[in-house]
Amino acid sequence: MLLSRSVNLARPSLLPLLSRPFGITADNARVEEVRAAAADRLQGRVKFFKAVGIKTLGESASLPSAFSPISAGVDLSAAGTKAKTTTLTPERLASLTPRSVPTPAFHTVVLDGRALKTPAKNELALPTPALAHLIAHEWDYQASHIEPSSMPMMILASTVLDQTSADKDFVRKNCMNYLFNDTICK
Amino acid sequence: MIRYVSKPRGVGRRCAAQNTLRKTSAQNNRLRTTCLIRISLIPPSFLPSLLPSLPPALSLSPTDSLLPPSPLPGYHAGSDDRVLRRKQKGLWEPLLEFVGSDSVLGEGVAVLDGDFVLGSLKHSDEVVRRAKELVWGYDVWELTALQAVTMEAKSLLVGLCVLEGFLTADAAVAASRVEEEFSVEQWGLVEGGHDMDRLNNDVQIRAAVLLLDTLKMN
């Protein structure tokens, strides 16, 4: 009896089980969404821009946007889908305000004059110019092809804007889980 | 001659399939034969007296990789284990002192040294409450940095030390890689394995620390 005969990896109903990370639910429709988002990833694609810069978010609000190739969420998390689109409301800006900068001037990165967006198509709202400069440098450092793994600050910022801000409690609980099996206590 | 008896049908089929292959690859068959010939022939009343002579399985328990670092009670650890323990203590004790201070979590952080631990740590209620208070007080940027460091170091306490400004990026990287770096020292670096782990750990933790630094540069 051949084992491979009974397991068809391409069968859609098995895909969520094979690719789902812990704690995240998924159905077939969601898998299709993520597949589509993954297809949009630009990893390895030819560099498509020439000029990189930063602007305050007020200036860039009316600019056309560029879809970010950084895909922190092809793991079925919300960041990997194109379903969610948010705009920068005052509430949204308030939720992104750091404790250390009570009245931040939000900045964003622009590629050839177009404002960069996160994988979930959120505004790349960065609370300090220093962070915007760092991310702009990461983009500017790209050679002939885009390599997202060489942009750790962009990945972190996208995680903040797409995932942590969408569900803070999930992240808090995830961190707290480590307390009871903490490496340095054993 | 003992007749082969395989109760679960899957085992029988697997053994039959293995018999068609070379004998050296018949692992299941060997295990089954050991079970039938060696173990099943021992009367249950003899088992206690035979325990000292069953070292292959039992002698591994003091160094089981699931269990905490040596030295374990009653077990004379080798010099390697003592060196590792010394390194762990050197890097981790200052962190435990810091998180145990009143300004962070206070006394009551459970630290286990040399016991068999398969369950979770029993921190005091006060420690858990203060940890929650700290974690719930962070903004989204700090929270993401905390998660990145915590997951990379597999330790919330290392994450809290970074967030509270006690650990630099260098120190956080060192604290999160004690065992693997020790293994590299002892056995050498495996290309494509240890070096990639080291690089990934370095990038993740330093990026998180840098993110926190940028929040202070307005």
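**Figure 1. Sequence separation of contacts in chain A of the predicted model.** Take the contacts in chain A between residues at least 6 apart in sequence: 75% of them join residues at least 24 apart. Chain A holds 8 helices and 4 strands. Read from the N terminus, the order of its elements is α-α-α-β-α-β-α-β-β-α-α-α. Chain A has 186 residues, and 35% of them count as buried.

**Figure 2. Helix 6 of chain A packs with helix 7 of chain A.** Helix 6 spans residues 129-140 of chain A, and helix 7 spans residues 152-164 of chain A. The angle between these two helices is about 125 degrees. Their axes lie 8 Å apart. Helix 6 of chain A is therefore oblique to helix 7 of chain A. The crossing of the two is left-handed. Helix 6 of chain A contributes L131(A), L134(A), I135(A) and E138(A) to the contact. From helix 7 of chain A come M153(A), M154(A) and A157(A). Sorted by class, this contact of helix 6 with helix 7 in chain A has 6 nonpolar residues, 1 charged residue and no polar ones.

**Figure 3. Helix 9 of chain B packs with helix 11 of chain B.** Helix 9 covers residues 169-176 of chain B, and helix 11 covers residues 194-215 of chain B. They pack at an angle of about 140 degrees. The distance between their axes is 9 Å. Angles over 145 degrees would count as roughly antiparallel; helix 9 and helix 11 of chain B are therefore oblique to each other. Their crossing is right-handed. On the helix 9 side of chain B, the contact residues are A169(B), A172(B), V173(B) and S176(B). They meet N201(B), D202(B), I205(B), R206(B) and V209(B) in helix 11 of chain B. The residues of this contact between helix 9 and helix 11 of chain B comprise 5 nonpolar, 2 polar and 2 charged.

**Figure 4. Two stretches of chain B where pLDDT stays under 50.** One stretch is residues 60-64 of chain B, for which the model has 2 contacts beyond four places in sequence. Another is residues 66-76 of chain B, with 22 contacts beyond four places in sequence. Where pLDDT is low, predicted coordinates should not be read in detail. For the complex, the predictor gives an ipTM of 0.70 and a pTM of 0.68.

Technical notes. Residues numbered from 1 in each chain as written. Chains lettered and ligands numbered in written order. Predicted model: local features only at pLDDT ≥ 70, side-chain atom pairs only at ≥ 80, totals over all residues. Axes fitted to C-alpha atoms, helices over the stretch in contact; angles between N-to-C directions. Parallel < 35°, antiparallel > 145°, perpendicular 65-115°, else oblique. Left-handed = near helix turned anticlockwise from the far one by under 90°. Contact = placed C-beta atoms within 7 Å. Nonpolar A, V, L, I, M, F, W, Y, C, P; charged D, E, K, R; others polar. pLDDT = per-residue confidence, 0-100. Buried ≥ 20, exposed ≤ 12 C-beta atoms within 10 Å, placed from the backbone.
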